[in-house]
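Student: I would like to learn how to read a model like this one. Where do we start?

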Amino acid sequence: MELGGHEKILDKSVDVFGHAFAPAHTHAVVKYKMDDLPSILKSASPTHIKIDVDGAEIEVLTGAATF
């Protein structure tokens with residue numbers, strides 16, 4: 001960790017350089033596939049989305065057929 005830095009990860013404890021590490025703190029999060037959201041939310045597919053993941057936008061969108 002560094003001043004002003006962060007290590008937000010999901011699924012794998014790997015830093016930005018690809019090195020595995022043991023996180024000092026963890027907590028559970030809810031995650032869904034983007035393609036499943038319309039049925040989960042019982043709504044139409046969105047026409048716009050906001051992604052706030054500090055540089056991991058491509059990883060969020062990869063594999064989503066709906067968007």
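**Reading the model**

Tutor: Buried means under 20% relative accessible area, exposed over 50%, and partly exposed in between (1.4 Å probe, protein chains only). This is a predicted model: local features need pLDDT of at least 70, side-chain atom pairs count only at pLDDT 80 or more, and totals for chains, interfaces and linings use all residues. Residues are numbered from 1 along each chain as its sequence is written, and side-chain values use heavy atoms, with hydrogens and water left out.

Student: Where in the chain is Ile51?

Tutor: Ile51 sits in the loop between α1 and α2 (57–61). Helices (H or I, at least four residues) and strands (E, at least two) are DSSP runs, numbered from the N terminus. The protein chain has 2 helices and 0 strands.

Student: Which residues is Ile51 in contact with, leaving aside neighbours within four places in sequence?

Tutor: Contact means heavy atoms within 4.5 Å. On that basis, Ile51 touches Glu57, Val60 and Leu61, its neighbours within four places in sequence left aside.

Student: What share of the 67 residues is buried?

Tutor: Buried residues make up 4% of the 67 in the protein chain. Among contacts with a separation of 6 or more, 29% join residues 24 or more positions apart.

Student: Which residues form the nonpolar patch on the surface?

Tutor: Patches take residues with over 30% relative accessible area and no salt bridge; like charges are joined within 9 Å, nonpolar side chains (Val, Leu, Ile, Met, Phe, Trp, Tyr) within 5 Å. A salt bridge is a side-chain nitrogen of Lys or Arg within 4 Å of a carboxyl oxygen of Asp or Glu. Here the members are Val30, Tyr32, Ile40 and Leu41. Leu41 is in helix α1 (residues 37–41) and is exposed, at 56%.

Student: What is the phi of Lys42?

Tutor: Most residues other than glycine have a negative phi. Lys42 has a positive one, near 55 degrees. Lys42 lies in the loop between α1 and α2 and is exposed, at 74% relative accessibility.

Key:
Areas by Shrake-Rupley, 256 points an atom, 1.4 Å probe, with all protein chains shown as cover.
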